[in-house]
Amino acid sequence: MENSMLAAVYKGTPEIELIETKIPEIRSNEVLLKVNAAGICGTDLRILKSGHRRIPDGARIVLGHEVSGEIAGVGSQVIWPKVGMRISVAPNMGCGYCGRCVQGFTQLCGNYFSFGVVIDGAFAQYMRIPSAAIEQGNLAEIAEHVTYEEAAMVEPLSCVFRGLMACRPQPSETVLIIGAGAIGLMFVQLAKMLGARVIVSSRNDERSQQSKRFGADLTFNPKEEDFHEAVFSATGGQGADIAIVAAPSSQAQTNAIEVLAHHGRVNFFGGLPQGNEITPVNANMVHYKELFITGTTGSSIREYRTALSLVDSGQVEVASLVTHRFPLGQIAEAFQVARSKEGIKTIVLPNY
Ligand SMILES: [Zn+2]
Ligand SMILES: [Zn+2]
């Protein structure tokens, strides 16, 4: 069929269905993106496993929110972008007029909508881009030297940037990063860039090696060493100034608080599975050490653009994080690999 495309649809079950469907039609104020790279994120895995608060029962949705591609069509009223432009896409749109939106936090809007969760996303050959995404600055043109795969990594990098800045890192502070997947490894790079000393806790020795390559000063495996002891001995008994929990683990959250220094800050960066959302916290430790507990989710457009410029300028290296690539027809295998934690980042290439 001439006007058809391949799309991977989530239907509320752990299996994604590959279908042939019509290429989305666009209105006069919308554009059509030909998807060239789409990253598989922990959020996608979590949706397949236990759904999402914004996806109602019975809904069918194309997942995928880490996306780059080429403009394949523009509506008659669209001034920018132009057909053929290479684009990376920030996934979250807001209503545009509430307090959080005007502050620039469209991703925290009460009526936010996002590609791959609320509207159809990137695991398809084409993606419809609504006018809000154009008007709110979600589309960014990428330079010739930035690959589509790198551009697809900008979204997770922007979330990492937001996550680290929320902890107000200072040069020479110690940052503990729990988990060394793609996210953890981006935290390592950014924390080093900001002058921190970086400790990584990972159960996966191969990933520990990777984190060293990105500049981690010290790594340890909590399966082999006592977590608390390892952090305190690495910090002269003081504890970490900042702890990032980049793993979906309640136990890791509890542990992170227990190894913070005075005025330490922790970011519960990874969401917990639905139904397992309660984490025990040593409240007296928070009290006597004057700790800060925060979490971050997504990123603002401004943070997205900063992340893009970090990739564009080569200050952050994301290309080598991509270890697996699959055509859309093999998306089931792609998810299998992402789930198995073999390698680091798995990318789907829908028009490969
Ligand atoms: Zn993501
Ligand atoms: Zn809003």
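Predicted model: local features only at pLDDT ≥ 70, side-chain atom pairs only at ≥ 80, totals over all residues.
Visitor: What does the pair of Cys 95 and Cys 109 tie together?

Guide: Cys 95 belongs to the loop between strand E7 (92-93) and helix H2 (99-102), while Cys 109 sits in the loop between H2 and strand E8 (113-114), so the pair ties together parts that are 14 residues apart in sequence.

Visitor: Is Cys 109 buried or exposed?

Guide: Cys 109 is buried, its relative accessible area being 4%, whereas Cys 95 counts as partly exposed at 24% relative accessibility.

Visitor: What coordinates the zinc ion (ligand 1)?

Guide: Cys 41 through SG, His 65 through NE2 and Glu 66 through OE coordinate the zinc ion (ligand 1), at 2.1 to 2.5 Å. The spacing of these donors along the chain is C-x23-H-E, and both His 65 and Glu 66 are buried.

Visitor: Switching to helices, how many residues of H5 are buried?

Guide: In H5, 11 of the 12 residues are buried, so the helix is largely enclosed by the rest of the structure. The buried residues include Glu 155, Arg 162 and Phe 161.

Visitor: What covers the buried residues of H5?

Guide: The cover includes strand E5 (66-74), helix H4 (148-152), helix H6 (182-193), strand E14 (240-245), strand E15 (260-267) and helix H11 (301-312).

Visitor: How far apart are the end C-alpha atoms of H5?

Guide: The end C-alpha atoms of helix H5 (residues 154-165) are 16 Å apart, which agrees with the 16 Å that its 12 residues should span at 1.5 Å a residue.

Visitor: OK, strands now. In what order do the 6 strands of the open sheet come?

Guide: The order is E13-E12-E11-E14-E15-E16, with parallel pairing. Strand E13 (218-220) and strand E16 (292-294) stand at the edges with a single partner strand each, so one side of each has no neighbour in the sheet. On average, neighbouring strands of this sheet are turned by 15° against each other, direction ignored.

Visitor: How many bridges join strand E11 to E14?

Guide: Strand E11 (residues 174-178) and E14 run parallel and are joined by 4 bridges, and Val 175 has Ile 242 in E14 as its bridge partner. E14 is also joined to E15 by 4 bridges, again in parallel, where Ile 242 stands opposite Arg 265. As for E15, 6 of its 8 residues are buried, so this strand is largely enclosed by the rest of the structure.

Visitor: Which strands does H6 lie across?

Guide: H6 lies across E11, strand E12 (197-201) and E14, and runs at about 165° to E12.

Visitor: Last one: how do strands E1 and E2 run?

Guide: Strand E1 (residues 4-10) and strand E2 (residues 17-22) run antiparallel and are joined by 6 bridges, with Met 5 opposite Thr 21 in E2. Their hairpin has 6 residues between the strands, and Gly 12 in it takes a positive phi near 90°.

Key
Residues numbered from 1 in each chain as written. Chains lettered and ligands numbered in written order. Heavy atoms only, no water. Helix = DSSP H or I, 4+ residues; strand = E, 2+ residues; numbered from the N terminus. Buried < 20%, exposed > 50% of the residue type's maximum accessible area, 1.4 Å probe, protein only. Donors = N, O, S within 2.8 Å, 3.2 Å for Na, K, Ca; no water. Expected span 1.5 Å × (residues − 1). Contact = heavy atoms within 4.5 Å. Pairing = 2+ DSSP bridges. Axes fitted to C-alpha atoms, helices over the stretch in contact; angles between N-to-C directions.
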